[in-house]
Amino acid sequence: ALNMKACFTPVASPESNGMSEAFVKTLKRDYVRITPLPDAQTALGLIDGWFEDYNEIHPHSGLKMRSPREFIRAQNQ
């Protein structure tokens, strides 16, 4: 109904590991390191917003400086 196509990357493949590592690197560089985090509770309270920003607003060079959701919307048009 959503016109989605399943796409699977084998577990522990270089491609899936690389994507995971790139995401963690970006999260640390662009969110964690620039935010005062006095304790784990503060980080846990902010992580949902970080994920939302990463997916909706944050530009990605591999997506021609679009966010993942912008890229997906463009693909579906």
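Because the model is predicted, local features are reported at pLDDT of at least 70 and side-chain atom pairs at pLDDT 80 or more, while totals for chains, interfaces and linings use all residues. Residues are numbered from 1 along each chain as its sequence is written, and side-chain values use heavy atoms, with hydrogens and water left out.

Helices here are DSSP runs of H or I with at least four residues, numbered from the N terminus. Helix H1 covers residues 14-32, which gives it 19 residues. From its first C-alpha to its last, H1 reaches 25 Å, close to the 27 Å expected at 1.5 Å a residue; the expected span is 1.5 Å times one less than the number of residues. Within H1, Ser16, Thr26, Leu27 and Tyr31 are buried, where buried means under 20% relative accessible area, exposed means over 50% and partly exposed lies in between, with a 1.4 Å probe and protein chains only. Viewed down the axis of H1, these buried residues fall within an arc of 105°, so they line one face of the helix; the arc is that of the directions from the helix axis to the C-beta atoms. An α-helix has 3.6 residues a turn, so residues three or four places apart point the same way. On the face of H1 turned away from the buried side sit the exposed residues Pro14, Glu21 and Lys25. The cover over the buried residues of H1 includes H2.

Thr26 of H1 is buried, with a relative accessible area of 13%. Setting aside residues up to four places away in sequence, Thr26 touches Tyr31, Tyr54 and His58, contact meaning heavy atoms within 4.5 Å. Ala22, also found in helix H1, counts as partly exposed at 40% relative accessibility.

On the side of H2, Trp50 is buried, with a relative accessible area of 9%. Not counting residues up to four places away in sequence, Trp50 touches Leu27, Tyr31, Val32, Thr35, Leu37 and Ala43. Trp50 and Leu27 are 23 residues apart in sequence, and their C-alpha atoms are 7.8 Å apart in space.

Attention now turns to the pairing of H2 and H3. Two packed helices are described by the angle between their axes and the distance between the axes. The axes of H2 and H3 come within 5 Å and cross at roughly 40°; axes are lines fitted to C-alpha atoms, for helices over the stretch in contact, and angles run from 0 to 180 degrees between N-to-C directions. H2 and H3 are therefore oblique to each other, given that angles under 35 degrees count as roughly parallel, over 145 as roughly antiparallel, 65 to 115 as roughly perpendicular and the rest as oblique. H2 contributes Glu52, Tyr54, Asn55 and Glu56 to the contact, and H3 contributes Pro68, Arg69, Glu70 and Arg73. These residues divide into two nonpolar, one polar and five charged; Ala, Val, Leu, Ile, Met, Phe, Trp, Tyr, Cys and Pro count as nonpolar, Asp, Glu, Lys and Arg as charged, and the others, Gly among them, as polar. Arg69 of H3 is partly exposed, with a relative accessible area of 29%, and touches Glu52, Asn55 and Glu56, leaving out residues up to four places away in sequence.

The loop between helix H2 (40-56) and helix H3 (68-75) holds His60, which counts as buried at 13% relative accessibility. Apart from neighbours within four places in sequence, His60 is in contact with Tyr54, Met65, Arg66, Ser67 and Pro68. Lys64 lies in the loop between H2 and H3 as well, but is exposed, with a relative accessible area of 70%.

Backbone angles deserve a brief word. Most residues other than glycine have a negative phi, and most peptide bonds are trans. Lys64 has a positive phi near 60°, and Asn3, not a glycine either, has a positive phi of about 60°. Asn3 lies in the segment before H1 and is exposed, with a relative accessible area of 76%. Lys5 is found in the segment before H1 too and is exposed at 77%.

How values were computed:
Helices (H or I, at least four residues) and strands (E, at least two) are DSSP runs, numbered from the N terminus.
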